[in-house]
2 protein chains.
Amino acid sequence: MSTKIGRRSLLKGTAIAGAAVAAAASSFPAPAISQGKMQLKLATSWPKQFPGLGTGAQRLADRITNATEGRIEVKHYGGGELVPPLGCFDAVSEGAADLYHSAEYYWQGKSKAFNFFATVPFGLTADEVNAWIYHAGGQALWDELGADFNVKPLMAGNTGVQWGGWFNKEMNTLEDYKGLKMRMPGLGGEVLRRVGANALLLPGGEIYPALEAGTIDATEWVGPWNDLAFGFYKVTKYYYWPGFHEPGTILSCGINRGVWESLSAADQSLIESCCAADNATMLAEFNARNAGALDTLINEHGVQVRRVSDEMLKALGEQSAQVVAEVGAEGGITQRVYESFSAFRKTAVPYNERSELAYASARLLTA
Amino acid sequence: MSTKIGRRSLLKGTAIAGAAVAAAASSFPAPAISQGKMQLKLATSWPKQFPGLGTGAQRLADRITNATEGRIEVKHYGGGELVPPLGCFDAVSEGAADLYHSAEYYWQGKSKAFNFFATVPFGLTADEVNAWIYHAGGQALWDELGADFNVKPLMAGNTGVQWGGWFNKEMNTLEDYKGLKMRMPGLGGEVLRRVGANALLLPGGEIYPALEAGTIDATEWVGPWNDLAFGFYKVTKYYYWPGFHEPGTILSCGINRGVWESLSAADQSLIESCCAADNATMLAEFNARNAGALDTLINEHGVQVRRVSDEMLKALGEQSAQVVAEVGAEGGITQRVYESFSAFRKTAVPYNERSELAYASARLLTA
């Protein structure tokens, strides 16, 4: 789902940068407080009504506002309303907004460590990444990374396993990737390059026209619910599963640290609970709507749904491990995050094999 | 994980019963309110420090207390402290406690519909049941069922896929179930009976001695984290995966309706968010701890981990569908719940096959 990364204001992850940010923040007004009420600005990377993501950001804003009876009023600005869609991190870092709702891989230009707090190719599923962040050291590392940029990060949603993408031809062997012009940004795009594809960056709004004009041959986005809304079925023929590039993308809520530290322990706890609640309900919404949308794509629009072959998945898996390990070898906090993530993955994969995977497979025997 | 069902106070799901309960509730004191503070009693079915379940109930109590700065103080009583472990539903229904933390299948003596709001054999996974309840009609049906008993129900945790159980012999064919004395309560136990086993009900604390004495040959409980704590590895040899009987057991928070309706919309919203937050964090904790505990069982205690054969899973799946359909045929709200649950399952299973299951399978190609 990622779009082109904003590379403005490339603060590096150092204590010096943190101090610079704190100094810069002082030139912005503090959050509006009047009559005991606090008004907070939530800037996002999504169109305001975008299904799942934009509606999820609205739900988070409403949740905090409602639970405090408006004492903390969170006003939601869609991407571009207050700052550009990918400018929300810098806006929060510098104090021009109070909170953002986005996905951390958009900030990989600042530190590649951010990838692990969104998703990486052949990485953890939604349930697994929740386990790592809530209960196996992930949050402490994320807090440390965020603090270098004056941000307190929390999970606030997940898309679940994303789909492999839309193609104009059948993808039967690894050879079919050679020269394929496919829209896929980030680390997933790098993996595609290594199997011979021409991976391209295109913002969401430019994908459909590019497919129609033949500028690209294929694209990925999120999954049936979001992809149906984009109408890709009108200009491509085959829809492949599963995706390898985003197996459980976290949506994050980042809070300006000055704002966070000005809150009482009670309000910090309340906001943590609201974010965790949205983490549960957004994944549930993707799972509920994706199932129905897949039926619509197949039965109403005649989409040909195909499975990516084991040969391709194996090659993509090998390249993914390589690409992610190269990121991890960068040293500093990126390496420490990679090592924590990888250690958790090493126990999570065999556990999943014996629980969720085994159960879901067993269920198909009589489905 | 279920224990023997308390069959006291068998209120039937009718409007008349609801009125009777409301009348009965008036003889209990209202929640303690002093100096603008409200003290609520949370009664549970678990020992207070029981990993995952008891600690989860404590986390929920703390979450509400902390987020309101003690304005709503939730005091956690372990099973047996205020009322017997399985008496918490009646206590909340009648107003002797304000909230319970438990699992709804314990109340199947009141209405079999409650099973669907905990788990049923070969039913939905944690992620799927979240989708059904939050976004596909489940909550409205649960609210209707709960209202007949003067209870407002919310999800507040999930164990994930439970394990198949502990055995003293290898289970190679369906014949091996014949005459097997296995501890498994509820609908799962009924399924076992239909494949020839002797399914027995035993409370948690009696399982270990019964295995040691040979009174039972096998048992299930939850999964590696909880089962390690019980020490079943000391008296049995084989640990089988996956379980078929509890694929994603919901832990629920039930609130006395009078208390619920006395809360402001803001406090209702806050409690809903706190419950949803615990729903996310408890499943994450089970997933994080189960993976580590499985390593310990295998590498430190030499447990022989085995997969239940396809032949057995297929037979158990067929019997499960039959047992669950018989429950659904009871008519009334049980039938409407069954129909909603089954309609959702019908789209969720093929969706899971193409998302979580497909991805987790693909990942093993290079694991």
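Copies are superposed here by least squares on the C-alpha atoms of residues with pLDDT of at least 70 in both. On that basis, a rotation of 180° with 0.0 Å of shift along its axis brings chain A onto chain B, with an RMSD of 0.0 Å. The two copies are thus related as by a two-fold rotation axis. Both copies use the same surface, since 99% of the contact residues of chain A recur in chain B, contact meaning heavy atoms within 4.5 Å. The residue of chain A that comes closest to the rotation axis is A277(A), at 2.1 Å (C-alpha).

This is a predicted model, in which local features need pLDDT of at least 70 and side-chain atom pairs count only at pLDDT 80 or more, while totals for chains, interfaces and linings use all residues. Residues are numbered from 1 along each chain as its sequence is written, chains are lettered from A and ligands numbered from 1 in the order in which they are written, and side-chain values use heavy atoms, with hydrogens and water left out.

Turning to the interface, chain A brings 70 residues to the contact and chain B brings 69 residues. Between the chains, about 6,100 Å² is buried, with 67% given by carbon and sulfur atoms; buried area is the accessible area (1.4 Å probe) that two parts lose on being put together, summed over both. Y351(A), Y359(A) and R363(A) supply 14% of the area that chain A buries against chain B, more than any other three residues. R363(A) also forms a salt bridge with E128(B) through their side chains (2.8 Å, N to O). Two salt bridges are found across the interface, each being a side-chain nitrogen of Lys or Arg within 4 Å of a carboxyl oxygen of Asp or Glu. On the side of chain A that touches chain B, the largest share, 19 residues, comes from α10(A), helices being DSSP runs (H or I, at least four residues) and strands likewise (E, at least two), numbered from the N terminus.

The backbone has some details worth a look. A cis peptide bond joins W241(A) and P242(A), with omega about -10°, and P242(A) sits in the loop between β10 (238–241) and β11 (250–256) of chain A. E69(A), a residue other than glycine, has a positive phi near 55°. E69(A) lies in the loop between α2 and β3 (72–77) of chain A and counts as exposed at 61% relative accessibility (buried means under 20% relative accessible area, exposed over 50%, partly exposed in between; 1.4 Å probe, protein chains only).
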